[in-house]
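Notebook open, structure about to go up on the screen. I want to jot down what I look up as I go.

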Amino acid sequence: MTSTKASERMDNPFGRRRAAEPPRVEEPPRTVAASRGIPALPLRPMTGYEEELVEEHRDDANTAALCNELLARCLVPPGADATAARTRVRSLLVAERDAALVSLRRMSLGDKVSSRVSCPACGREVEIDFNLSALPLSVAEAPERVEVVVEGDIRAVLRLPTAGDQEELLSAGLDGESLRRTFLLARTLVRFGDREGPFEPEFTRGLRLLVRNAMEEALERVMPDLDLSMGVTCHDCGHAWSAPFDVPSFFLPR
Ligand SMILES: [Zn+2]
């Protein structure tokens, strides 16, 4: 498995900033609109249809698209049309989608995950064994939108990024974190002062850095966080690192 590549693919460009000191916000965000309910998805266990799907797309760069498709198919009978289910999955928050993936894995292949990754320090293979039931999977309830005041008196309203946004972000093939931020901000910005969305990337690209940072920080504060990466320690050299979530090895254990 190609760890670094997979990590780049799955990382939310907003997510990476969370570990660092949060940027200063001009004013604390106030949430508007009602909270989203966490949907209970009527998933069924995977069949050969889905196993073939994962195998067929195991080398695709857009792992979010594969995850979304996999969940959508498991919301309908094997082989049935999943068009409506696809829309439903794409509207989930990324953390909700990821929690559903873990549920799907557990009901399809059991609780125990055994995987192998290469140590980035010494190159040796490290066996990973863990139980999915040990993962903290509760997704905090999140508001549908956040509002933040920027540049003194401009009210910006943003909606939270979804599994569909993540899929579109990856299929846009943007090379660079700033480009990806511009893209996601444009997609999630609902209103900026008197202007109503939809917004083009040209608009969010033209915003001052402090404004972009304040809007991202507002989103980060309320976005539920679910980290599917695994903490691994190499038995040979002692190197410890975080191995990214890898879809094929998660759903096609061999
Ligand atoms: Zn090592």
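Below are my entries, starting with the ground rules.

**Ground rules.** I'm working from a predicted model, where local features need pLDDT of at least 70, side-chain atom pairs count only at pLDDT 80 or more, and totals for chains, interfaces and linings use all residues. Residues are numbered from 1 along each chain as its sequence is written, and side-chain values use heavy atoms, with hydrogens and water left out.

**Overview.** I counted 10 helices and 9 strands in the chain. Both are DSSP runs numbered from the N terminus, helices being H or I with at least four residues and strands being E with at least two. Of the 254 residues, 46% count as buried. For burial I use relative accessible area: under 20% is buried, over 50% is exposed, and partly exposed is in between (1.4 Å probe, protein chains only). I also looked at contacts, meaning heavy atoms within 4.5 Å. Among those between residues at least 6 apart in sequence, 69% join residues at least 24 apart.

**Zinc site.** Which residues hold the zinc ion? I found the SG atoms of Cys119, Cys122, Cys234 and Cys237 as its protein donors, at 2.3 to 2.4 Å. A donor here is an N, O or S atom within 2.8 Å of the metal (3.2 Å for Na, K and Ca); water is not among the atoms, so sites may look incomplete. The spacing along the chain reads C-x2-C-x111-C-x2-C. The angles among the 4 donor atoms run from 106 to 116 degrees, and the site is tetrahedral. For four donors, that label asks for all angles between 85 and 135 degrees.

**Cysteines.** How many disulfides does the structure hold? I got 0, taking a disulfide as a pair of cysteine sulfur atoms within 2.5 Å.

Strand β8 (residues 230-233) runs antiparallel to β9 (residues 240-243), with 4 bridges joining them. Two strands pair if DSSP finds at least two bridges between them. Met230 sits opposite Ala243 of β9. In a regular strand, side chains alternate between the two faces of the sheet. The hairpin has 6 residues between its strands, and Gly238 takes a positive phi near 80 degrees.

**Helix α9.** I ran a length check on α9 (residues 209-222): its 14 residues should span 20 Å at 1.5 Å a residue, and the end C-alpha atoms are 20 Å apart, which agrees. The expected span is 1.5 Å times one less than the number of residues. Because 10 of its 14 residues are buried, α9 is largely enclosed by the rest of the structure. Among the buried ones are Arg212, Glu216, Glu217 and Glu220.

**Arg212.** Beyond residues up to four places away in sequence, Arg212 touches Ser178, Arg181, Thr182, Leu185, Thr204, Arg205 and Leu207. Val150 is 62 residues from Arg212 in sequence, and their C-alpha atoms are 9.2 Å apart.

**Helix α6.** In α6 (residues 163-171), the buried residues include Ala163, Asp165 and Leu169. Gly173 follows α6, with a positive phi near 60 degrees.

Note on methods:
Tetrahedral: all angles 85-135°; square planar, octahedral: opposite > 155°, others 65-115°.
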